[in-house]
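Dear colleague,

I am passing on the structure we spoke about, and I would be grateful if you could look through it with the notes below at hand. Please read them beside the coordinates.

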Amino acid sequence: MSDMRQLYQEVILDHNRKPRNFGSVLGANRHAEGHNPLCGDHIKLSMNVLEDKIETIAFEGEGCAICKASASMMTGAVKGRSVRDAETLVEEFRGMATGTLDPDSAANHLGKLKVFAGVKDLPSRVKCAILPWHTLHAALNPVLSPGADTSISTEGAADPVPGSLIGEE
Amino acid sequence: MKLETMNAEATGGRSSIERTDLDKIRADFPILGLQVSGKPLVYLDNAASSQMPQPVIDRIVRYQSQEHANIHRAVHYLSELATREYEEARVKVQHFVNAKESREIIFTRGTTEAINLVMHGYGRAFIGKGDEIILSALEHHANIVPWQMLAREKGAVLRVIPMDDAGELLIDEFEALFNAKTKFLALTHVSNALGTVNPVKAMVAFAHRHGVPVLLDGAQAAPHQAVDVQDLDCDFYAFSGHKMCGPTGIGALYGKAKLLEKMQPYQGGGDMILSVTFEKTIYNVIPSKFEAGTPPIMAAIALGAAIDYLNGIGLARIQAYEATLLDYATEQVSALSGVRIIGTARKKAAVLSFEIKGVHPHDVGTILNEDGIAIRTGHHCAQPVMQFYGVPATARASFAFYNTKAEIDKLVAGIRKVQGMFS
């Protein structure tokens, strides 16, 4: 199967058509926005974290199928998980998307998220898949941008250090 | 939706490129024989950068293997040879845009640097607080951001010529923008995002009636039609080598001698001086005044070779043939349901921006790439244009004289495939 077919599987196309947890969480205590200036992807993440657990999470915004499906599946994967578990998933997803983690050989918790493994062979699309995860990381670490809503951008690097680049709002 | 396709007619039935010529032309471009994703490359990203024919590649090899030395410096054989070739390239550029004198041609890194040179050299000297600079809604970021930087520095104001849904500038509104404070007009000749060809000659004439100098961004025009800066009467004309079969890192600025002479240098350094002491520097005459440091000699000579190559085919034939390609692509793509062509100006260069309903352009680009089809997806460095149409990005196919109708058929098949996957 080609990289492209491997990536554009039915599960990704389905999440693109019918994104889960789409919208915003009322009274959320964590927010972040992520931008991918290259293709105009824009993700707004809101969630409620209570006693170190992600109780509710939702996203809105615009993006390509890879970005939207990644955000949709991410919200499903981290809902009800601890902040620490979510951060582990962020790390593992980044590793898979950038090719430093082979999800079929190394131990991981990615499960269904492995459908995104093919993105590592499409360098220009790595950012699309990773954007929601960076945004999640930024939302979980508001200290990265004290006093303001956290905003990240993928401009300039395929895998920026979260929070090190502040997108323009 | 059937769009009016009149680009071919507009060229008045001038001789085009025939099938047999096309095979020969394509054979000149080694890269067109490439396989991508196991399929023959279909290169439809010419507005971003064009490909290089063998004669230009050969010229680069010859220069680097037999002619290279620094120019305007030494008395030895190679330096004199390289200097002569470099200055001959300037003359080729001069004739290419029909400038009056070769000293009106300044080699730059590209269109962007040419515009920045005018912003620094002319803008910073002659545009001040409260002055107004007119731009158009169609501009590439390269013809927005430098003027924004200048406006911020000087307290000047940017005024924007609006456009209609087709992507044509509103000429009445353009004329209404002029007043006593208007000091400069920076305008694209052809829109890179939409392909709109602006009526620049009439717009330059109008600006001149108000005493306003005009810079034309010719990056998307120079490769596709004959440019005559004396006929246009523009004060500055900027374009890039790599969009017209030359290498990257070289472009040119045409400027009227009397303006260039009163402008400030853009960068200081070697070659742009007549004499230097720690107290004072006397600047060199134009064009050297604007070419500080060792220029991209090889790239300039290669640009000259690219001009020879284009002239060998003929810009009029290139324009006529590309118009038939654009008309064909417009017909084929507009016949597809669920596809919107963005930019439907009456007069267009060979650019087809489109969106497929329900599919992000980046997904379109990735899936087309699987069939070896290279298009540009994104905002095309023209975010205000995207904002106007309410889209984050578009997919853009842009044609050159070496493209074929068969390649457009592949593009159309690729679009159908995308629609099938996302249905």
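Predicted model: local features only at pLDDT ≥ 70, side-chain atom pairs only at ≥ 80, totals over all residues.

The predictor assigns the complex an ipTM of 0.80 together with a pTM of 0.90, and for chain B the pLDDT averages 95, with 97% of the residues scoring at least 70.

Chain A has five helices and four strands, and, read from the N terminus, its elements follow the order α-α-β-β-β-α-α-α-β. Of its 169 residues, 46% count as buried. If one takes the contacts in chain A with a separation of 6 or more, 59% of them are accounted for by residues 24 or more positions apart.

Within chain A, helix α2 (residues 10-17) packs against helix α3 (residues 65-78) at an angle of about 85°, the axes being 8 Å apart. Because angles of 65 to 115 degrees count as roughly perpendicular, α2(A) is described as roughly perpendicular to α3(A). On the α2(A) side the contact is made by Ile12(A), Leu13(A), His15(A) and Asn16(A), while α3(A) contributes Ala65(A), Ile66(A), Lys68(A), Ala69(A), Ser72(A) and Met73(A). Sorted by class, this contact of α2(A) with α3(A) has six nonpolar, three polar and one charged residues.

Turning to the contact between the chains, 14 residues come from chain A and 13 residues from chain B. On the side of chain B that touches chain A, the elements giving two or more residues are α13 (361-369), β16 (376-378) and α15 (405-422) of chain B, and the largest share, four residues, comes from α13(B). By class, that side of chain B has five nonpolar, six polar and two charged residues.

Nine of its nine residues are buried, so α13(B) is largely enclosed by the rest of the structure. The buried residues run through Pro361(B), His362(B), Asp363(B), Val364(B), Gly365(B), Thr366(B), Ile367(B), Leu368(B) and Asn369(B).

The axes of helix α5 (residues 111-126) of chain B and helix α6 (residues 145-154) of chain B come within 9 Å and cross at roughly 25°, and since angles under 35 degrees count as roughly parallel, α5(B) is roughly parallel to α6(B). The crossing of these two helices, α5(B) and α6(B), is right-handed. In the contact, Ile115(B), Asn116(B), Met119(B), Gly123(B) and Arg124(B) of α5(B) meet Pro146(B), Trp147(B) and Leu150(B) of α6(B), which by class gives five nonpolar, two polar and one charged residues.

The C-alpha atom of Met149(B) is separated by 20 Å from that of Gly268(B), the two residues being 119 residues apart along the chain.

With best wishes

Key. Residues numbered from 1 in each chain as written. Chains lettered and ligands numbered in written order. Buried ≥ 20, exposed ≤ 12 C-beta atoms within 10 Å, placed from the backbone. Contact = placed C-beta atoms within 7 Å. Nonpolar A, V, L, I, M, F, W, Y, C, P; charged D, E, K, R; others polar. pLDDT = per-residue confidence, 0-100. Axes fitted to C-alpha atoms, helices over the stretch in contact; angles between N-to-C directions. Parallel < 35°, antiparallel > 145°, perpendicular 65-115°, else oblique. Left-handed = near helix turned anticlockwise from the far one by under 90°.
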